[in-house]
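I opened this notebook to record what I looked up in a structure that was new to me.

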Amino acid sequence: MATVISNQQVAQGVFRLSAQGRFSGKMGQFYMLRAGERYPLLSRPISIFDLAEDRIDFLYLVAGEGTALLSRLKPGDALALDGPFGNGFPELAGKTAFVGGGIGIAPFFYALKEAPEADVYLGFSREAYMVEEFRQAAGGPVVVDVGGSILDKLDFHAYDTIIACGPHPMLHAVQRMQAEAGSRAKVYVSLENRMACGIGACLVCSVKCRDGRKKACADGPVFLAEEVVFE
């Protein structure tokens, strides 16, 4: 359990939640969160947005009952959380781009602490948020698109490593565009699959890959784009 420090709405349906305590985690990893000890039964997987010596931050979208309950937490309330889980982002080699779509931008803020020189691409369907925070954290350019496709602004030949996070149609497009471009970049996708346990026991987050089924929580959520079979 942790104690909520703040829970601020930063855009319609999007909140930044800060909890007090000493936590660990690598860029791209996530925690399992819920607003109470007993209800809802299943926690929600939320990426690490930021991490400091005495607190951890999460950026999340209200998408169902569990995240709606999280959005009602106030300073001083208890937050149930377990983690960190997942393999996180790979070792970054060469010129790197972080590409986020919607709430998929969340893991890249913390990643900029390790790779401040990375170029950042932020795509939003309706309303941009946290852009100034990203610009303050980034040492390289921050490219923003609202209402279009952020991928149209990305040159796959300009990078050695590309990591994308966002909805499945966007990640499928990343895979397709990499193949069409014939890019030699290492391209990774961080999947936003539903999860129940976070440790690979329940199989809810099964991912179809070219060499068989894998688990987004234990084997991922970060995979080489070419590995994943999008359905």
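**Whole chain.** I noted before anything else that this is a predicted model. I looked up the secondary structure and found 4 helices and 14 strands in the chain. I then checked the radius of gyration. A compact globule of 231 residues would have a value near 17 Å, and the chain has 17 Å, so the two agree. Along the principal axes, the C-alpha atoms fill a box of roughly 50 × 40 × 30 Å.

**Burial and surface.** I looked up how much of the chain is covered: 52% of the 231 residues count as buried. The accessible surface comes to about 10,800 Å², and carbon and sulfur atoms hold 47% of that. For contacts between residues at least 6 apart in sequence, I found that 58% join residues at least 24 apart. I also looked up the charges. The chain has 23 positive and 26 negative ones, and their mean positions lie 5 Å apart.

**Helix α2.** I asked myself how many of the residues of α2 are buried. In this helix, residues 106–114, the count is 7 of the 9, so α2 is largely enclosed by the rest of the structure. I wrote down the buried ones: Ala106, Pro107, Phe108, Phe109, Tyr110, Ala111 and Leu112. The cover over them includes strands β4 (44–52), β5 (55–61), β7, β8 and β10, along with helix α3.

**Helix α4.** I checked the length of this helix, residues 168–181. At 1.5 Å a residue its 14 residues should span 20 Å, and the end C-alpha atoms are 20 Å apart, which agrees. Its buried residues are Met170, Leu171, Ala173, Val174, Gln175 and Gln178. I recalled that an α-helix has 3.6 residues a turn, so residues three or four places apart point the same way. The cover over the buried residues of α4 includes β7 (96–101), β10 (161–165) and β11 (186–190). Just after α4, I found Gly182 with a positive phi of about 65 degrees.

**Gln175.** Apart from neighbours within four places in sequence, Gln175 is in contact with Arg210, Ala225, Glu226, Val228 and Phe230.

**Ile5.** Is Ile5 buried or partly exposed? Its relative accessible area is 38%, which lies between the 20% and 50% cut-offs, so Ile5 is partly exposed. Beyond neighbours within four places in sequence, Ile5 is in contact with Ser18, Ala19, Gln20, Arg55 and Pro75. I looked up the distance to one of these: Ser18 is 13 residues away in sequence, and the two C-alpha atoms are 5.3 Å apart.

**Backbone notes.** I kept in mind that most residues other than glycine have a negative phi, and that most peptide bonds are trans. Met130 has a positive phi, near 65 degrees, and is not a glycine. I located Met130 in the loop between β8 (119–124) and α3 (131–137). At 6% relative accessibility, Met130 counts as buried. I also found a cis peptide bond from Gly83 to Pro84, with omega near 5 degrees. Pro84 has its place in strand β6 (residues 78–85).

Key:
Residues are numbered from 1 along each chain as its sequence is written. This is a predicted model: local features need pLDDT of at least 70, side-chain atom pairs count only at pLDDT 80 or more; totals for chains, interfaces and linings use all residues. Side-chain values use heavy atoms; hydrogens and water are left out. Helices (H or I, at least four residues) and strands (E, at least two) are DSSP runs, numbered from the N terminus. The radius of gyration is taken over C-alpha atoms; the globule rule is 2.2 Å times the number of residues to the power 0.38. Buried means under 20% relative accessible area, exposed over 50%, partly exposed in between (1.4 Å probe, protein chains only). Contact means heavy atoms within 4.5 Å. Accessible areas come from the Shrake-Rupley method with a 1.4 Å probe; for residues, only the protein chains shown count as cover. Lys and Arg count as positive and Asp and Glu as negative; His and the chain ends are not counted. The place of a charge is taken as NZ of Lys, CZ of Arg, CG of Asp or CD of Glu. The expected span of a helix is 1.5 Å times one less than its number of residues.
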